[in-house]
Amino acid sequence: MERGRLLGAAAAGALVTLLVLLLLPRTWESSSLIMPRQPPRSSSAMLGAYAGLASLLGAEAGGAATPAFLADLAQSREVLLAVLTHRYRHDRGGTPGEATLVELFKPWGSTPAQRRDAALKRLARNIRTSITLRSGLLRLTVVAPGDDLARQVNRRLLTVLDSVNLARIRQQAADERRFAEARVAEASRALADAERELLRFEEANRAWRQFPATAVEYARRQREVTLRQSAYTALAQAAQQARLDEVHEVPVLAVLESPSLPSRPVSRHLAVLVPVGGVVGALLWLVGVAVGPRP
């Protein structure tokens with residue numbers, strides 16, 4: 001008798017699990033593979049090659065976005081909002097149309113702000129990232145209630161990530177340009193002062209070549225002019241390169257695998273979860289027997 005009840009509880013647990021899984025909406029996942037492109041040669045990188053001037057701009061050379069940075073950026077609120085509020089094509093109910101993910105997800109909430117925040121949390125859970133350490137590649141996987149919708153969301157995510165990184169490079173270039181232009185003006189004045197000092201020395205010591213002391217002094221002043229000329233040239237080149245970087249238009253993400261169109265929905269793992277539900281049902285019955293009143 002007891003054994004029959006135990007089997008009945010297990011069957012009930014398995015049946016409830018099966019019904020819940022079948023009632024849940026199907027989902028599809030689309031994946032893409034990307035890597036950061038090497039950004040344009042930045043002015044800070046140019047200055048880094050010139051001894052004594054590498055720390056002027058206070059920025060690391062290159063400014064490349066790492067895969068880990070992109071993975072974190074994909075989960076940032078700014079990026080998620082841009083993906084969430086975009087309008088996507090759909091054909092729900094047999095009628096083609098466009099809607100945001102807030103409208104498609106239909107989250108719970110009594111106010112638009114609550115529904116938006118609930119949709120944001122769901123979108124964050126539906127975006128998965130994995131990094132290949134050996135090759136430095138980033139795989140983005142998006143889960144959505146539709147095969148084409150999953151691919152559209154993945155494409156939108158890539159577009160937003162590229163746009164945000166491009167804006168970051170431009171902002172860095174603008175900061176470097178302003179700093180470098182100010183240093184160029186200072187270097188120009190310092191160079192002009194050194195050239196005037198050298199000219200005054202030559203006018204006051206026209207026979208400087210004939211005396212060792214004046215020859216040494218002339219060489220020192222000449223080195224000062226050369227050094228200041230080198231500093232001015234490096235800063236002027238850095239400012240010019242920063243101006244070019246500021247209007248950079250080339251995408252900063254290399255898409256190695258475009259977002260895929262899933263051929264089948266995500267597995268519900270019925271073969272695993274249904275037996276687990278049966279085991280849980282049996283365990284709950286045993287607990288009920290153990291703590292229940294005895295006849």
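How many bridges join S1 to strand S6 (residues 253–257), and in which sense do these strands run? In this predicted model, 4 bridges link S1 with S6, and the strands are antiparallel. Within this pairing, Ile 34 is found opposite Val 255 of S6. Strand S1 (residues 28–36) also pairs with strand S5 (residues 137–144), again in the antiparallel sense, and here 7 bridges are formed. One of the residues involved is Glu 29, whose bridge partner in S5 is Val 143.

These strands belong to a chain whose secondary structure amounts to 9 helices and 6 strands. The chain has 295 residues, and 35% of them count as buried. When contacts between residues at least 6 apart in sequence are considered, 74% of them join residues at least 24 apart.

Is Ala 68 buried or partly exposed? With a relative accessible area of 41%, Ala 68 is partly exposed, because the buried class requires a value under 20% and the exposed class one over 50%. The buried residues of H3 are Pro 67, Leu 70, Ala 71, Leu 73 and Ala 74. Looking down the helix axis, these buried residues lie within an arc of 165°, so they line one face of H3. The partners against which the buried residues of H3 pack are S1, H4, strand S4 (127–132), S5, H7 and S6.

As a general background, nonpolar side chains in soluble globular proteins tend to be buried together. The largest nonpolar core in this model contains 35 residues, and Val 83, Leu 101, Leu 123 and Leu 157 have the most contacts inside it. At least two residues of this core come from each of H3, helix H4 (77–84), helix H5 (101–105), helix H6 (112–126), S5 and H7. Which element gives the most to this core? That element is H7, with 10 residues. Another core, of 7 residues, lies apart from this one and includes Leu 191, Ala 194, Leu 198 and Val 225.

The surroundings of Val 83 can be followed residue by residue. Leaving out residues up to four places away in sequence, Val 83 touches Tyr 88, Leu 101, Leu 123, Val 153, Arg 156, Leu 157 and Val 160.

Aromatic rings complete the picture. The count of aromatic pairs comes to 1. This pair is made by Phe 201 and Tyr 218, with 6.4 Å from centre to centre and 35° between the planes, and is classed as tilted. Phe 201 belongs to helix H7 (residues 147–204) and Tyr 218 to helix H8 (residues 212–246), so the pair ties together parts that are 17 residues apart in sequence. Both Phe 201 and Tyr 218 are buried. Rings also meet charged side chains: Arg 122 lies over the face of Phe 105, 4.1 Å from the ring centre. Likewise, Arg 183 is placed over the face of Phe 179, at 4.5 Å from the ring centre.

Conventions. Residues numbered from 1 in each chain as written. Predicted model: local features only at pLDDT ≥ 70, side-chain atom pairs only at ≥ 80, totals over all residues. Heavy atoms only, no water. Phe/Tyr/Trp six-rings, centres within 6.5 Å; stacked < 30°, edge-to-face > 60°. Buried < 20%, exposed > 50% of the residue type's maximum accessible area, 1.4 Å probe, protein only. Lys NZ or Arg CZ within 6 Å of the ring centre and 35° of its normal. Pairing = 2+ DSSP bridges. Core = buried A, V, L, I, M, F, W, Y, C linked by side-chain atoms within 4.5 Å. Contact = heavy atoms within 4.5 Å. Arc of directions from axis to C-beta.
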